[in-house]
Amino acid sequence: MNRSHRHAAGSGCLGTMEVKSKFGAEFRRFSLERSKPGKFEEFYGLLQHVHKIPNVDVLVGYADIHGDLLPINNDDNYHKAVSTANPLLRIFIQKKGCILEHSKNNFRMHYLKTL
């Protein structure tokens with residue numbers, strides 16, 4: 001997976017796509033090579049690295065073109081997210097054990113109680 005941890009001014013290039021990820025109240029932006037996105041596990045590790053949460057188990061989702069929140073949990077879902085990103089791939093990260101509530105452009109996180 002070819003990646004860049006910078007704000008790419010030239011993200012309009014055919015082979016590059018911008019990723020905007022949100023974890024809690026923090027946003028991160030970086031770019032990926034669209035033609036070589038790699039595997040989901042690599043992307044998952046990159047998200048943990050970029051957000052500085054290396055030992056936190058998280059769930060990853062993305063907003064599709066209709067604004068629906070869809071999961072990314074395997075290579076197929078990841079590649080679908082990459083292929084539909086135009087021009088930006090919006091990623092939402094939540095700790096496992098949380099529910100992400102979505103309504104239009106408003107996302108709220110609720111923690112599940114474990115018995």
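Let me begin with a definition: a residue is buried under 20% relative accessible area, exposed over 50%, and partly exposed in between, with a 1.4 Å probe and protein chains only. By that rule lysine 52, at 69% relative accessibility, counts as exposed. Lysine 52 sits in the loop between α1 and β4, and its phi is positive, about 55 degrees, although it is not a glycine.

This is a predicted model, in which local features need pLDDT of at least 70 and side-chain atom pairs count only at pLDDT 80 or more, while totals for chains, interfaces and linings use all residues. Residues are numbered from 1 along each chain as its sequence is written, and side-chain values use heavy atoms, with hydrogens and water left out.

On confidence: pLDDT is the predictor's confidence in each residue, from 0 to 100. The chain has a mean of 81, and 72% of its residues reach 70 or more. Helices (H or I, at least four residues) and strands (E, at least two) are DSSP runs, numbered from the N terminus. Where pLDDT is low, the predicted coordinates should not be read in detail.

Next, the core. A nonpolar core here is a set of buried Ala, Val, Leu, Ile, Met, Phe, Trp, Tyr and Cys residues joined through side-chain atoms within 4.5 Å. The largest one has 23 residues, and Phe43 and Ile91 have the most contacts inside it. Elements giving two or more residues to this core are β2, β3, α1, β4, α2 and β6. The largest share, six residues, comes from α1.

Now the aromatic rings. Rings of Phe, Tyr and Trp (its six-membered ring) pair if their centres lie within 6.5 Å; planes under 30 degrees apart are stacked, over 60 edge-to-face, and the rest tilted. The count comes to two pairs. Phenylalanine 40 and tyrosine 44 form a tilted pair, 5.8 Å centre to centre with 55 degrees between the planes. Both lie in helix α1, four residues apart, about one turn of the helix, and both are buried. Phenylalanine 43 and tyrosine 78 form a stacked pair, at 4.7 Å and 25 degrees. Phenylalanine 43 is in α1 and tyrosine 78 in α2, so this pair ties together parts that are 35 residues apart in sequence.

That brings us to helix α2, residues 75-84, where Tyr78, Ala81 and Val82 are buried. Seen down the helix axis, the buried residues fall within an arc of 100 degrees (taken from the directions from the axis to the C-beta atoms), so they line one face of α2. The face turned away from that side carries the exposed residues Asp76 and Ser83. The N-terminal end of α2 is capped by asparagine 74, with a side-chain oxygen 3.1 Å from the backbone nitrogen of aspartate 76.

Finally, two prolines. Proline 87 lies in the loop between α2 and β6, and the peptide bond to it from asparagine 86 is cis, with omega near -5 degrees. Proline 71 lies in strand β5, residues 69-72, and is partly exposed, with a relative accessible area of 47%. Leaving aside neighbours within four places in sequence, proline 71 is in contact (heavy atoms within 4.5 Å) with Val60, Gly61, Tyr62 and Asn77.

Methods. Polar contact = N/O pair within 3.5 Å; in protein donor to acceptor, adjacent residues only side chain to side chain.
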